[in-house]
Amino acid sequence: MAAVPAIDYNAMRDEDFRHQVRSFFETNYPEQLRFLPRRVRMSEISGWWNTLYEKGWIAPNWPHEWGGMGLEAGKMVIFLEEMERHGIARPADQGITQVGPIIMKYGTQAQKDHYLPRTRSGEIIWCQGYSEPNAGSDLANLQTSAVIEGDVFIVNGQKIWTTLAHDSTHIYLLVRTDKEAKKQKGISFLLVDLQTSGITIRPIRNIAGHEEFCEVFFDDVRVPRDVLVGKMNEGWTVAKALLGFERLNIGSPRRPQYALMRLEMLARAKGLFADTGFLDRFIAIKLDLEDLAALYGRYVEQVKRGEPLGQDVSSLKIWAMEAWQRLTELLVEAGAEDGVIEGAHDIAGVEIDFLSPFYYARPATIYGGSSEIQRNILSKYVLELPS
Amino acid sequence: MPSEHAALLKDSVTDFVTRGTDMARVRALRGDPQEYDRAVWRQMGELGWLGIAIPETYGGMGLGLTETAIVAEGLARALVPEPFTACAVLAAGALAASENEALKGDLLPAIASGSRVAALAWQEQAGALDAAHIALRATPFEGGYRLTGTKRYVTGAAGADVYLVAARSDAGLVLACLDRGASGISVDLEPLADGRHFGTITFEDAVVPRERVAASGSAALGALSRALDHATAIASAELYGVMSRALEMSVDYMKTRVQFGRPIGSFQALQHRAVDLYIQQQLAAAVLSEGLRELDEKPAPQKRAAIASRLKARCSDAGVRIGREAIQIHGAIGFTDEYDAGLYLKRALVLAAWLGNATQHRRRYAALALQAES
Ligand SMILES: Cc1cc2nc3c(=O)[nH]c(=O)nc-3n(C[C@H](O)[C@H](O)[C@H](O)COP(=O)(O)OP(=O)(O)OC[C@H]3O[C@@H](n4cnc5c(N)ncnc54)[C@H](O)[C@@H]3O)c2cc1C
């Protein structure tokens, strides 16, 4: 089944593996796409996708059986760390990180055979169709419906905030298949080809001026019944199966690297470290991020030991995202008047874009479970406070 | 009677922003190098606002900062892009405090009516709060001065007809007037977060005839410092307008957006967040009315600078914080360009950085307080 000869990366020493990954990234990743303070578009990154695909590295988390690298947690963390160290942009990779593993776990053999190889090759690019206008934090309130008629589902409704839908070929959807059942109960998980007639995609511009997310409308969209993953009305369980690892990834301490590097360079160029007031604020944030790395490391150890992540991992997301935001705020402030000028410009010989990192960090406390929702989770399930 | 003026002004600003401008106009002018609409500007002139701080003898209203702040706050609430503070307070203020009566008689009435737009080009380095760093050369010759050097971060530069330039000669500071089209001047525009621009103005042997020198030496320094402090206070009032509207939008949204079967405003986490923002806005309101009143009593320069810094520090921090949190409270929709919350955040960012941010002003406040003690 394996498309590439299986190399046992897990048998390598960590340092050797890290070295190999690092030098591959350094040699092959396009320089102009390093540390992008925005989502990369498929037209820019498809060459890199192919490079990884040909190397057999496009799906580090997938087993050999499906053409992945088969990395266990420890090696997986090294791989991700090296990606972020080098400032490698995340393409529309939800097929690799989310749908692929979901299909492996819940899909039929036919679904696996059809979708997995195409997802790896980039022939199929996935976007996530969960949120709706009235189902954001309260995702279980989703109303997009799928009704069975003969051998098809008829889908009607609207998804919103769908990241990179306009770069995708397919969407994985949560839809309501039982209107009578309570909230989470009547939801199913479908895989839909975006070319199907009745689907309209409208990009939405964000405050940074980029069209990165979209609205996706479904108007009597007829899809075959075999696009259902898992059982009818059990889509909630299917979708939630992965949240643990995703939450760990979202707390990666390296994401703020671009902003931190720029702030440090700016501070040196402008002599800001001689100013104890600035130094104090800079070091506070730098330590916030270093301590985040320590917290992250604890969770990594837990994953390596094969223990499931608990609800407490929400702390990681809150701290990672909020520290990132504080950092970008200090960057804008340290720029003074220059900090509010759009685009990259030269400050004392350093090329800096102040506003893009600031904009990019804004929604980090909104998507993937808002900071408020994460705090609710911690207070309820970890501190066990009465509701 | 200031309170009578205040009530009238409030009404006319409210009337203007409901009828004379709207968000579609604000959005259409984003990135437009002119930044404003001449017709709207003239209307603002007819209403007397452009001459609000200009003495009556020069065709203005001769009102104080308390009244000026009412106009600035009202315009900022509606995100009006026209450079009211930059022209009517900063440039007109510096000119009005200058010593060249003939020049004032020529220019101030035109500024007040809206027929000529002035911008003050004083700053050369990011983060500078006063004239100390000014290095642009004014070299004297028979008939006046030649200017050489570069000014940065000039607000209202794009649409200005005339620049008031702060330059340095061997004899001290010089405030000189140059027409936009004069030879030896070139203007580059840098796009700002809020769709407006900072101008970078380069002077190369630009000639200023003697009769176009507004003030020199200590008179120039005095006029510039006063105008900077006043504009800093009025920019704080603008921030107050921006934060007030952003907070209102957020609280309204909390009342209408339903998740988990109830308005999100019923969640205590968000309630407390909104209350904290409200406290910031109330602090800003309180410090503004106290500070503006004190400024209208014409305190000595050191005291004046300290008050201006206190206002700018509070209003910048509160404005940016409320702008940021407005997005958080709105969720994903707050992150879209179509929704107005982001426009408020961006205007707050720009106003907070313009004329010195909160940290810089707290520093200046501390330095002035220590000086006053010793
Ligand atoms: C950049 C970006 C990319 C995204 N990409 C995708 C995607 O690809 N696919 C997809 O399906 N979705 C995506 N989303 C949507 C995202 O999942 C939602 O924005 C998120 O679930 C929040 O929902 P909402 O925006 O409707 O905000 P709301 O849920 O309306 O929340 C508004 C505010 O209320 C607060 N709030 C809500 N409930 C509570 C509560 N119980 N207690 C306290 N506070 C509460 C929130 O924290 C927030 O501050 C994306 C969002 C963004 C910003």
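Two strands pair if DSSP finds at least two bridges between them. In this predicted model, strand β6 (residues 199–205) of chain A and strand β7 of chain A meet that description, with seven bridges in the antiparallel sense. A:I199 stands opposite A:F218 in β7(A). The two strands, β6(A) and β7(A), form a hairpin. Five residues lie between them. In the turn, A:G209 has a positive phi of about 90 degrees.

Strand β7(A) spans residues 211–224 and also pairs with strand β3 (residues 152–163) of chain A. Ten bridges join β3(A) to β7(A), and these strands run antiparallel. Here A:I160 stands opposite A:E215 in β7(A). In a regular strand, side chains alternate between the two faces of the sheet.

In chain B, a helix pair was examined. Helix α7 (residues 218–256) packs against helix α10 (residues 341–353) of chain B at an angle of about 155 degrees. Their axes are 10 Å apart. Angles over 145 degrees count as roughly antiparallel, so α7(B) is roughly antiparallel to α10(B). The crossing of α7(B) past α10(B) is left-handed.

Helix α7(B) contributes B:E238, B:L239, B:V242, B:R245, B:A246 and B:M249 to the contact. From α10(B) come B:A341, B:Y344, B:R347, B:A348, B:L351 and B:A352. Nine residues of this contact between α7(B) and α10(B) are nonpolar and three are charged. None is polar.

Note on methods. Residues numbered from 1 in each chain as written. Chains lettered and ligands numbered in written order. Predicted model: local features only at pLDDT ≥ 70, side-chain atom pairs only at ≥ 80, totals over all residues. Heavy atoms only, no water. Axes fitted to C-alpha atoms, helices over the stretch in contact; angles between N-to-C directions. Helix = DSSP H or I, 4+ residues; strand = E, 2+ residues; numbered from the N terminus. Parallel < 35°, antiparallel > 145°, perpendicular 65-115°, else oblique. Left-handed = near helix turned anticlockwise from the far one by under 90°. Contact = heavy atoms within 4.5 Å. Nonpolar A, V, L, I, M, F, W, Y, C, P; charged D, E, K, R; others polar.
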